[in-house]
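Please read it with the coordinates open.

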Amino acid sequence: MEKEVQITVIGVHGEDSEQSQNMGTYYKKSGKHYVFYDERVSAEGDLVRNYLRFDEDFVTLQKNGTLRTEMLFERSKKYPMDYHTPYGSFQFQIDTKEIWIEEEEDQLKLTIQYQMEMDEETRDECRITIHIQSKKQEQTL
């Protein structure tokens, strides 16, 4: 069953950090968590549709819209990532160090620790935390 949820995303890339809050949809099927939400990425109001699928071993984050990418995270593995923007495209490697999931009755927290590499050089130490909470306290995940 799908549930309406509030999603808080906190991203730390090197010295920089950013946070966003959005409403979205969550469901769990066959041991995997699925989250869909729209995110504003510019002052002009450009929207990006985010599709997040994860379990304790593997995370996929797809972004479609003004920004396009597919990020794959698997503990101790590297995956290529193409990041497409209106200003050009960039190629990175994502080297996942750790994935944590904290699951409670009405909330879920996913944290990923990883490095971004470009041209075989480490660019940033990164961490993304995605907090998913049921919109209504009586609604459980």
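Predicted model: local features only at pLDDT ≥ 70, side-chain atom pairs only at ≥ 80, totals over all residues.

1. Lys 78 forms a salt bridge with Glu 117, and the closest N and O atoms of the two are 3.2 Å apart; a salt bridge here is a side-chain nitrogen of Lys or Arg within 4 Å of a carboxyl oxygen of Asp or Glu. This pair links distant parts of the chain, with Glu 117 in strand E9 (residues 107–118) and Lys 78 in strand E7, 39 residues apart.

2. Residues are numbered from 1 along each chain as its sequence is written, and side-chain values use heavy atoms, with hydrogens and water left out.

3. On confidence, the mean pLDDT of the protein is 91, and 94% of its residues reach 70 or more; pLDDT is the predictor's confidence in each residue, on a scale from 0 to 100. Confidence is highest in E6, at a mean of 97, and lowest in strand E10 (residues 121–134), at a mean of 91. The strands named in this note (E, at least two residues) are DSSP runs, numbered from the N terminus, as helices (H or I, at least four residues) would be.

4. Strand E10 pairs in the antiparallel sense with strand E1 (residues 3–13) over nine bridges, and it is joined to E9, also antiparallel, by twelve bridges; two strands pair if DSSP finds at least two bridges between them. Gln 133 in E10 stands opposite Gln 6, and Gln 133 is also the bridge partner of Gln 107. E9 and E10 form a hairpin with two residues between them, and Asp 119 in the turn has a positive phi of about 55 degrees.

5. For reference, most residues other than glycine have a negative phi.

6. A search of the whole structure finds nine salt bridges. One of them joins Glu 98 to Arg 75, with the closest N and O atoms 2.7 Å apart. Glu 98 lies in strand E8 (residues 88–103) and Arg 75 in the loop between E6 and E7, so the pair ties together parts that are 23 residues apart in sequence. Glu 98 is partly exposed, with a relative accessible area of 26%, and Arg 75 also counts as partly exposed, at 30%. In another salt bridge, the side chains of Lys 97 and Asp 95 meet at 2.9 Å, N to O; Lys 97 is partly exposed at 37% relative accessibility, whereas Asp 95 is buried at 10%.

7. Asp 55, in the loop between strand E4 (47–54) and strand E5 (58–65), counts as buried at 16% relative accessibility. The side chain of Asp 55 reaches the backbone nitrogen of Asp 57 at 2.8 Å and the backbone nitrogen of Phe 58 at 2.9 Å. Leaving aside neighbours within four places in sequence, Asp 55 is in contact (heavy atoms within 4.5 Å) with Gly 31, Lys 32 and Ile 101.

8. Finally, Gly 11 has its place in strand E1 and counts as buried at 5% relative accessibility. Not counting residues up to four places away in sequence, Gly 11 touches Asp 16, Ser 17, Glu 18, Arg 127 and Ile 128. The C-alpha atoms of Gly 11 and Gly 88, which are 77 residues apart along the chain, are separated by 22 Å.

Conventions. Buried < 20%, exposed > 50% of the residue type's maximum accessible area, 1.4 Å probe, protein only. Polar contact = N/O pair within 3.5 Å; in protein donor to acceptor, adjacent residues only side chain to side chain.
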